[in-house]
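I opened this entry to keep a record of what I looked up, element by element, before going on to other work. The notes follow the order in which I went through the model.

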Amino acid sequence: MSGVQDLNTPMLALQGVHKRFGGLHAVNDVSFQVAAGSIKAVIGPNGAGKTTLFNLIAGNLPVSAGTIVFQGQEIQGKKTHQVARLGMARTFQNIKLFHGMTALECVMVGRHVQSRSGFFAGMFNLPSTWKEERAIRARSLELLELMQIADLAGVEATSLAFGQQRAVEMARALASEPKLLLLDEPAAGLNIYETAEVARLICAIRDMGVTVLLVEHDMSLVMDISDEIVVLSFGSKLAEDTPANIQKDAEVIKIYLGEDDAG
Amino acid sequence: MLTRKNYSLAGLCLATVGLHLLTVLADAPFYLTQLTMAAYYGLVIIGLGVLMGYAGQISIGHAGFFAIGGYVSAALTTRNLAPFEASWPVRLLDGLGLLVPGQDVYGAHLLTVSPWAACGCAVTAAAVIALIIGVPVLKLKGHYLAMATLGFGTIIYRILLASPYFGEADGISETPGFTLLPALGSWGPLVISGDVEHRVANFYLAWGVLIVGAWLLLNLIGSRVGRALRSLHSSEEAAEASGVDTARFKLQVFILSAVYAAVAGALLTHFNGGIGPSEASVMKSVRYVALVAVGGMTNLWGALIMGVGLTFLSLRGVFGAFDDAVFGLILIFVMLFAPDGILSLRLKPLLRRMFLGGPS
C-alpha cells in the first residue's frame, strides 16, 4: 500500500448512496466528497438521515445501493472493525464509553488497531507485549492531556461529567491515529463555552492532519469551522457549498426557518 | 497491578500449602480428596467467569463442555479397540504409539488409547464443538444466548444418556489413572488417580493446575485482548468502531472457556475413576453460573474463592439433599443483595436497606 496520498484523491467519496428501511427511503441518492485535510459538516433537520448516513459510512449498516470510497478503496459491505482498521474513527451522538473501565483504559481500547498482541501473547504475558503495552499507555495519556483531562485518567469513565465523557470519546477515537474522524453531534448538550472549546479542538485535530466529517445541529459551530457543508433533507442532498453560500441559500433557509419566514 | 496480581497468586500458592497442613494437623487427610475435586471445578468456574464477567457472554451449557472433556477421555481410555485392530485408524494410532495394551478382568486382550492422547482428543473435541456452536450462537445476545447455550447443554446431556458407547445412565467407570510423569529416581510416578497413595500429589497437582489457569486468565484480562473483551461487553458498537473484531474475540474467549471446562472434566474424570451423566446436567451448568455470580461477575478472584469454597462444602455434603436448592437460593440472594459478588458486599448499607427500606 502506498503511503503517499494523491492530493486530488478525496479522503472520502460517496456516489449515489441509498438506504431503504422497508418502505422508508432514509438516504436517497446522496453523493459528495470530503477533501483530505478539510472539515466538512452534514446538517439537516431532525430525521433528515444524517446519523443513518454516518452509520453507512462507518459500516454499521449496509448500503442499499451506491459506493463509498475511502482513500481510494471501496468500503461499502465491509464490517465496522475493518473500516476502523483502514483509518476511520468515530464518536457517537449518545456517548458510548465502556462501563467498569477507567478513562485511560477506554482510550487504550482506541489503540487497538495500532497494536497487535494476540490472545496467547496476552495469556502468557510474553515480554514482547510489555513494550507495546507501555507505548499504548503513553500515547493514551498524551491524548488525555490533549483533551485536558489527564488528571481524570484513573477515574471510571462513565462516572465523569458529560463534557468530560465527550472528551474521553474523542481521545479514544484519536487513539487509533485515524485519517478520517467522524463526529456525530460533538456539541450536543454542551453550553456555549464548551461548544467554543470543541470548535477549537476540532480545528486542532484538523491541523494534526486528520480529515473531519461532522454531523451537527449547532449552526454557530458548523458555520465557524467547516470548510464545506452538505445539507440533507428527507434523505436527499439539498445543497453542498461553503458556509457563506449555504447561509444565503433560499432552499436551505426554507427548510430551516419555514416557508413564511423565507418569503 | 502486575505486582498485586503476583502477590495474590503467591498468596494462593501459600493457601494451598496451608490447606494441606490444615488437613494434616486436623488428621483429616480425606478432606484432600474433596479439595482436589473442588479445585478442578474451580477451573471451570474461572474459565466461565472470564466469558461471563469480562466478555459479557453468558453460557448455561458449560457442564456440556465439562462432560465432553470427561466423557471423551473416559471412553477412549476404557473402550476396547482390540476388535478393530485391523482397521486403518486403529493401526495408525498404534503406529503413533498412542495405544496401550492391557487385560480386562477376564484376562481378555484389551487395547485402549493412552490417557495423554485421550485427554488431548477430549480437549480438542471440546474446542472444535465450541467453535461449531459458537459461530452461530454468539451472534445472539442476552436471554437468547442463554437459551441457545441451555439448548446445547441439554443436547449433550441427552446424547450421553442415550448412547451405549457413553454408558447411558450408568456413565463410564473403571477409568484408568493418568500417568503424567513416569517414576524418576526415588520419586514415584505422578499419577492422576483417586488412590490413597497419590492423594497428596493429586491435591497439589489440581491446585497447581488451578493456579496456572488463574495466572493465564489474569494475564489475559490485563492485556490488550482483555481490554477488547471488556469493551465489547459494554458496547459492541463502540468496540467495533475502535477496530475490535467483536465476533472473533467472543468466539475465541468462548472456546477458551470451553477448553478450561474440558481440561477440568478430563482430569477430574481420571481422578474420580469415572464420570456419570449428571455431570452434564443443566443443574450443573446453572450451578457454575451461580458460582460465578456469587464470586462477582468481574472479579476472577471472587469467582475462584467462592467457587472452590462452596463446591467444597457441597462435595462434603454440608447442604445435604437440598444441594441444588441451596445453589438456587444463593443465586437469588446474590442477584438481590450483592450483584457484584459476595466479596464486594458492604454490610451496613445492606442491613439498612433490608430493615429500613429505601435506597442504600
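I began with the sheet in chain A of this predicted model, and found an open sheet of four strands in the order β2-β1-β4-β5, with antiparallel pairing. The edges are held by β2 (24-34) and β5 (73-74) of chain A, each of which has a single partner strand, so one side of each is left without a neighbour in the sheet. I then looked at one pairing in detail: strand β1 (residues 12-21) of chain A is joined to β2(A) in the antiparallel sense over seven bridges. In that pairing I noted A:Arg20, which stands opposite A:His25 in β2(A).

Next I turned to chain A as a whole, where I count eleven helices and ten strands in the secondary structure. Its radius of gyration is 19 Å, close to the 18 Å that the globule rule gives for 263 residues, so chain A is as compact as a globular protein of that length. The C-alpha trace of chain A spans about 70 × 40 × 40 Å along its principal axes. I also looked up burial, and buried residues make up 42% of the 263 residues in chain A. Of the contacts in chain A between residues at least 6 apart in sequence, 66% join residues at least 24 apart.

For the contact between the chains, I find that 31 residues come from chain A and 24 residues from chain B. On the side of chain A that touches chain B, the elements giving two or more residues are α2 (80-85), β6 (88-90), α3 (103-110) and α4 (119-123) of chain A.

In chain B I followed a helix pair: the axes of α2 (residues 31-54) and α10 (residues 246-272) of chain B come within 8 Å and cross at roughly 170°. That angle makes α2(B) roughly antiparallel to α10(B), since angles over 145 degrees count as such. Among the residues making the contact are B:Tyr40, B:Leu43 and B:Gly47 of α2(B), and B:Phe254, B:Ser257 and B:Leu268 of α10(B). By class, the contact of α2(B) with α10(B) has 18 nonpolar, three polar and no charged residues.

I then picked out B:Thr149, which lies in helix α6 (residues 142-162) of chain B. Is B:Thr149 buried or exposed? B:Thr149 counts as buried, because it has 25 C-beta neighbours inside 10 Å, and 20 or more are needed for that class. Leaving out residues up to four places away in sequence, B:Thr149 touches B:Ile58, B:Ser59, B:Ile60, B:Gly61 and B:Val137. B:Gly64 is 85 residues from B:Thr149 in sequence and 9.3 Å from it in space, C-alpha to C-alpha.

Last, I checked backbone angles, bearing in mind that most residues other than glycine have a negative phi. A:Glu177 has a positive phi near 50°, lies in the loop between α6 (162-175) and β7 (180-184) of chain A, and is partly exposed, with 15 other C-beta atoms within 10 Å. A:Glu185 also has a positive phi, of about 50°, and I place A:Glu185 in the loop between β7 and α7 (192-207) of chain A. With 21 C-beta neighbours inside 10 Å, A:Glu185 counts as buried.

Definitions and conventions. Residues numbered from 1 in each chain as written. Chains lettered and ligands numbered in written order. Predicted model: local features only at pLDDT ≥ 70, side-chain atom pairs only at ≥ 80, totals over all residues. Pairing = 2+ DSSP bridges. Rg over C-alpha atoms; globule rule 2.2 N^0.38 Å. Buried ≥ 20, exposed ≤ 12 C-beta atoms within 10 Å, placed from the backbone. Contact = placed C-beta atoms within 7 Å. Axes fitted to C-alpha atoms, helices over the stretch in contact; angles between N-to-C directions. Parallel < 35°, antiparallel > 145°, perpendicular 65-115°, else oblique. Nonpolar A, V, L, I, M, F, W, Y, C, P; charged D, E, K, R; others polar.
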